[in-house]
Amino acid sequence: MKQLIVLLFAVSLVSCGASKTVRTSKKVIKGEWTLSTISYSEAGEYNVTLLNDVSKDCFEGSAWSFIPNNNTGKYSINSASCATGERDFIFTIQEIDETTGLYDFLLKPTDAKGKSQNNVGFRLSLTLLTESNMSWTQTLSVDGKPFTITMNFTKGNW
């Protein structure tokens, strides 16, 4: 009887944890990334402020660091014509469908102590994650039509 209770306890612990796919993704995302390009699904000039922070031009070339063991990170805006400096955030990878590999990625800006000033986060789709590349998409509605923003990252030291 003791063995059955121990077995049930062990199974319940395993089932409460993140799936193997999410655990693997957290290992891959760990480290330094550069937000290399941002594109829109529609042609044209758009005045978009990303993550309630700065424009596309300011974000391109920004340096990102992910620490998955505590779901925190930083990004640094480096363009001289922008409000430069480091920004802190917390993130969560939430699995949607293990067979397709598609995820929701929740990113919430915080202060250096991990506190959010307004408790606002951004839900993005993590559409690609390899050892060297990562892509996020966010679909919004513009004039009643879907409008997708795609952010492409490359991994490497900055």
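Is Trp-136 buried or exposed? Trp-136 is buried, because its relative accessible area is 0%, under the 20% cut-off. This report looks at that residue and its surroundings in a predicted model.

## Overall build

The protein has three helices and 10 strands. Along the sequence, the elements run α-α-β-β-β-α-β-β-β-β-β-β-β.

The protein holds 158 residues, and 32% of them are buried. Its accessible surface is about 9,700 Å². Carbon and sulfur atoms hold 53% of that surface. Among contacts with a separation of 6 or more, 44% join residues 24 or more positions apart.

## Aromatic pairs

The whole structure contains 19 aromatic pairs. One of them joins Trp-64 and Trp-136. Their ring centres are 5.4 Å apart and their planes stand at 90 degrees, so the pair is edge-to-face. Trp-64 sits in strand β4 (residues 62-67), and Trp-136 in strand β9 (residues 133-142).

Phe-66 lies in strand β4 and Phe-105 in strand β7, so the pair ties together parts 39 residues apart in sequence. Phe-66 counts as buried because its relative accessibility is 2%. Phe-105 counts as buried as well, at 0% relative accessibility.

## An aromatic cluster

Ring pairs join these residues into a cluster. Its members are Phe-59, Trp-64, Phe-66, Tyr-75, Phe-89, Phe-91, Phe-105, Trp-136 and Phe-153.

## The largest pocket

The largest pocket has a volume of about 270 Å³. It is lined by 15 residues. Closest to its centre are Leu-51, Asn-52, Pro-109, Thr-110 and Gln-117. Two elements, β6 (85-97) and β7 (102-110), each give two or more residues to the lining.

Five of its residues are nonpolar, five are polar and five are charged.

## A loop residue

Ser-79 is in the loop between β5 (72-77) and β6. Ser-79 is partly exposed, because its relative accessible area of 25% falls between the 20% and 50% cut-offs.

Ser-79 and Asp-57 are 22 residues apart in sequence. In space, their C-alpha atoms are 8.3 Å apart.

Key. Residues numbered from 1 in each chain as written. Predicted model: local features only at pLDDT ≥ 70, side-chain atom pairs only at ≥ 80, totals over all residues. Heavy atoms only, no water. 1 Å grid on protein atoms, 1.4 Å probe; cavity = no way out; pocket = protein on both sides within 12 Å on 5 of 7 lines; lining within 4 Å. Points joined across faces, edges and corners; volume = space filled by probe spheres on them. Helix = DSSP H or I, 4+ residues; strand = E, 2+ residues; numbered from the N terminus. Nonpolar A, V, L, I, M, F, W, Y, C, P; charged D, E, K, R; others polar. Buried < 20%, exposed > 50% of the residue type's maximum accessible area, 1.4 Å probe, protein only. Contact = heavy atoms within 4.5 Å. Areas by Shrake-Rupley, 256 points an atom, 1.4 Å probe, with all protein chains shown as cover. Phe/Tyr/Trp six-rings, centres within 6.5 Å; stacked < 30°, edge-to-face > 60°.
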